Structures are given as structure tokens and as C-alpha cells.
Amino acid sequence: MTDLPDDLILNAADEVKIRQDLLLVALGKRPADRILRVGRLLDVHSRTRLEDQEIVIKGRRIAWVGPAGAYPGEAAERVHEPDLSAVPGFGEVHKHIESSHLTPEYEAALVLPRGNTWTCEASHEFSNVDGPHNLEFWLAARKAGSRLKIFPQPGSAVPPTAYEWGGGHFGHDEQQGFMRSPMVTGLDEVMDWPAVWNPDNPSHARLWGMIEATFAARGVVEGHGAGLRTLPEINAFAAAGLASDHEMATADEAWDKLRHGLFIEIRIHTMPEIIRGLLEKGLADWSQVAFATDDRSAPQTLEIGATDHNVRTAIAAGLAPEIAIQCVTINPARHMRLTPHVGSIAPGRYADIVLLQDVPSLKIAKVWADGEPVSEGNRFTGNIPHIAWPDWATRTVNIRREITAADFAIKAAPGRATMNAAVIRPFHWHPEFYTVEMPVADGEVQRLPAETITKFAIVDRFSGEGKVSKMFWRGTGPRDPDTALACSVAHDKHNIWTCGSSDAAMALAVNRLREQQGGWVLVHRGEVTATVRFEVGGLMSQRSAEALDADMRALRAAAATIDWMYEPTWHPRWHPGFPERLMFATLTCAPWQWVLVAPSPLAPEGFVNVATGRTHPIVW
């Protein structure tokens, strides 16, 4: 049949033609394209291993699976891998591809050899940069021929809170439009819990409008339950229709959420403890469990792996390999209602197959995607499509003026030798901010390095005006003079953040970042010493993981020459020293309360408690 559609993007009318052809291939009435014969095959539906199996492929799909020699039809090509075990292509139940800092076509080249053939893209990063082009952006690579299937989930956090703005704004009507695409599985993690439960919250109607549109289309509403651990909170979370959580900190929390109907998506940070804890509790049915990568940079993936690393970590914690594989294949596919297309080696599904040299160690020999081999070991052997990203993707830092040192000055009241200042620290868990008496010189409130207090600022990159909010932060930033760091990745609104020991250095870093349209800029003693470009959305770069990794290594090497302030009591996970994790320190979702955002009508100075809406002066 020569007029079959090219099923890179799911479409109901095309799907009928494809499946009409597949059933005739399965019956042997039409020839297959190729047959892959393997030594062993894991059937994830029954969790059984089958010996000497054949997978019959037509186009990008599987038409027939069964014992070698039993297929009644013919095929143009046969491939035999008697020493390898076939398992389904791995799926990401919850991932922000933007956090790899690679565009989708280069993300595919990175993760496909590591077994990841499909991803549910939790899209509130690029959505917050350019909401109107969100779906177009995420489907572009697949339309161009990429073998990675990306199923976008438009972000509920667009904007993250009512106190943020710019780049995108999603509500009921936008979500209703998104849900018309068969590629969209539902609504990305609902993070603004205060807005969900509190009708007086200014984001309440917007969020429930998106939830309503998702329910109407029978989509999945993903949750984000950070800090919600009491039974009333867990019950309320589930009652709201939020179907999942990936923010569990302990096995007890995961157990409580699992027993109240939530699909739990375990991240790598807490995976060993949670896996061991659930095994100790005697969990027998793991069908409501998946593994979530969430955020992982390309350099991290090169070092430890992608979904394959999550599976190995679970196995090392004591989970049976077959169950661990189910947690990245059939379980997430069922949860996202994608089982007709991905999640198993079965007829009708995409021919995405991971060929393992050894199952317990999950040693990957080869990966097939869309019915063709795409890797040897960790080496990608497929094609990377060329995408000419338009200006809406590459011209996203919209600051139409020169930023100056005066933009970061914090003025003192006339005649004052000191001022009280509101001070927070990265990942400020406390319900209240610190109040610190700060020195004044030349009419401006000064930094206090002796107390590890420096200046942190957010620069709006959407309005063109370059509005600036600034305050004092404890336990972060450079101690060296005229030194600053700036970045355009600031979860989840993605304005520009900068911290520095002088206002002039902060201005220099932001202006250079504006020129290169995003990424990282490091200024040391008044000179730019390192840059990394994220020229697509200010979040990603259109190049290989290896090229990006080289630039990040150079940035860290330059940063290693700088004296960075940090709190000695910090846990090593929070990266004392060079503050790369400050990309996440601007989060405004639960459980954080006092945060700094770009100036907005509801928070003119940018300092706001996002749980209550209360604002407070920076100095007084």
C-alpha cells in the first residue's frame, strides 16, 4: 500500500488507514517491511519473558509478535539478534526537555541511544517564554523526522502565579484548543496549590478553567504535591482530580499518596529510599508507579544516563528488573492513556525496541525507533533533522535598552546610616523572611559579605522595558569584587536572574546575556570570563550534547577561580560554591512562600508571599 500516511504526528483519520494496513500485514495478506528476531522478549503486559520471538514491522509500527517461524507472511528484510533481549522503548512520564538545554532534535540524539523513545513533555518552561507557539514548537522536530515521540502537556503554570506575567498566559480556552491535538495527553503539573484550594486566590478561576477543559477532553491532569503530606491535604489533592505526584520526599509520603489513588512518579533524588520503603511495606502491585526524570541537563545525562539511569537505580534499590522496566514502559503509557501507541512491544504500537545485552544491569546494545535501528551502544546512528527555528524561538530576550548599574541600586531613606532589609536565601523554606540591619553609603543600602549577604535581581525579558526587582540574599553569590553571574533560565517564568558583588558587574552580565539571547554569562573582576549560549527560548541550544557540555565545563572552570559565598550548613546537594542550582531558586510553587519575581501590578517591588499575596518593602 503506497498511499499510507507518514504517521509522525498522530491523526485519527490517518490512524484508520495505518491500522487497516497493519491488520492485513498481521494476517500475512500484505508483506511486512522487516522482521526483527530476538533471543528473548519481555511482555510487559503479563511480566513474562518469551524465548526466540519475532517482531514484524510495517512502516513505523508493529504488525505481529510471536514465536520465530510462526508468522504467515513475507517481509522485505530480516534481522536476527539471537543474543539480545528486547524490551519496549522507555517513556518519560514527566520531563522538562528544556532542562536538558538542548532543542528537541538534539535531545532525541542524546536520549534515544539510552533507550528513551517517547516523552511526555511537561511544557511550562517554553510555554512561559512563548505560549502562543507552544504546540508548534514541540511538534516541529517530530514533523521534521525526529524518532523521539514528544507528547506535549501544556503548562498549568503559565504564568506560575498571579504575581508573574509575560511570554504566555494559558486558561480554559487555550487548553481547550490544545486538547484537540491527539499528541496532547493532558495538563502539565498543577503546581499552584494555594490557587487550587482557595477561591479568593487570583489564579483560582484560570487554573480551574484549564482543569475543566482537560476533563472535558478526557485528558490527564498531572499534579505537583510538594510539601502536601498530611491526610487532609492528600485527600484534598486527590479529590481535586490531580492524578499524580512526583514530589514525594519519603517512602511514607509515597505510600500515603499511592493509597489515596494517586499515580506516583518517583524521581531519582529520593528513588532508593522510596523503592526500599515500598518493598518493605509489601507493595505487590506496582502498576500505579513510574519513574520521572523531571529535570536533567545534557551534561548530567552524558555522565549518568537518561531513563536507563532511573531504571538501574531502582534495580539497585531492590526492585525486580521486570517491574522496573514496567515503570518506564507500560505503567506511564497506561497513566497517560497512550497504550495504543507506546509502552509495549505489541501490534499497533510504534516499533520502539530497546535491545539489551544484559537485563539485570540494563546494558543497552542497540535501540530501534519507528521500526529502524538508531543507535549502537551509546552512539546515535540516526539522522538529526535540520530545523530553521524562527525568530519567535530565537529572539526571546526582549530588553530594548541598556541595563545600568543604577538599575540594581537599592536606595536608602534620607539621612539613614543603616536600613532594615528583607533577606531570603536560595530555596527559602521559612514562612517568614529574615530582617537584617544593613549599612548605608552614598545614599544606597550596601551588601554585607561578612554575613554572606549579597544582591540578587530579576530582570524582566518580555516587556521590552527591562523592569528590575532586586533584594538582598543570604548564602549565595561571589565574594570577589566586581563579579557577577547571570542566567536566562529562571524556573518557571524564565526572566533573567543575576547575583553579584557589584551593581556594575550585574549590569555587564545582563547586557551580554541580552546580546547573546540567553544562556549564562560570568563576569569576574569587571571582565566577562565565560559564556554559554541558550539561543532558543533562552532555555536551549541547537547543538550536540557534547558541544554544550564543553561550554559548561569551561564555565565551571572559570567559576572555580572565584570565591563564592555559601552557608556552611547547606546540604551538599544544594551545590555550595558555584551556584548553578540558582536556576531553580526562583521557583514560586508550593512549598515556597516569600519569593522575588519581576515587578508586577500585584507585586510592584517583586517581593511577594505567593501563598498569601502579601507584599513587603525590600528595605525600610
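## Close-up views of a predicted model

**View 1. Two arginines at the ring of Tyr350.** The charged end of Arg61 sits over the ring of Tyr350, at 4.4 Å from the ring centre, where sitting over a ring means that NZ of Lys or CZ of Arg is within 6 Å of the ring centre and within 35 degrees of the ring normal. The charged end of Arg142 also sits over the ring of Tyr350, 5.4 Å from its centre. This is a predicted model, in which local features need pLDDT of at least 70 and side-chain atom pairs count only at pLDDT 80 or more, while totals for chains, interfaces and linings use all residues. Residues are numbered from 1 along each chain as its sequence is written, and side-chain values use heavy atoms, with hydrogens and water left out.

**View 2. Aromatic pairs.** The whole structure holds 17 aromatic pairs, meaning rings of Phe, Tyr and Trp (its six-membered ring) with centres within 6.5 Å, counted as stacked when the planes are under 30 degrees apart, as edge-to-face when over 60 and as tilted for the rest. Trp118 and Phe151 make an edge-to-face pair, because their ring centres are 6.4 Å apart and their planes stand at 75°. Since Trp118 belongs to strand β6 (residues 116–123) and Phe151 to strand β7 (residues 149–154), the pair ties together parts that are 33 residues apart in sequence; helices (H or I, at least four residues) and strands (E, at least two) are DSSP runs, numbered from the N terminus. Trp118 is buried, at 0% relative accessible area, with buried meaning under 20%, exposed over 50% and partly exposed in between (1.4 Å probe, protein chains only).

**View 3. An aromatic cluster.** Phe126, Phe137, Trp138, Trp389 and Trp392 form one aromatic cluster. Within this group, the rings of Phe126 and Trp392 are edge-to-face, with centres 6.3 Å apart and planes at 65°. Phe126 lies in helix α3 (residues 126–129) and Trp392 in helix α15 (residues 391–394), so that the pair links parts of the chain 266 residues apart.

**View 4. The largest nonpolar core.** Of the 123 residues in this core, Ile266, Phe291, Trp497 and Trp520 touch the most other members, a nonpolar core being a set of buried Ala, Val, Leu, Ile, Met, Phe, Trp, Tyr and Cys residues joined through side-chain atoms within 4.5 Å. Helix α17 (residues 545–559) gives the largest share, six residues.

**View 5. Cysteines without a disulfide.** The whole structure contains zero disulfides, that is, pairs of cysteine sulfur atoms within 2.5 Å. The sulfur of Cys120 is too far for a bond, because the closest cysteine sulfur, in Cys327, is 15 Å away.
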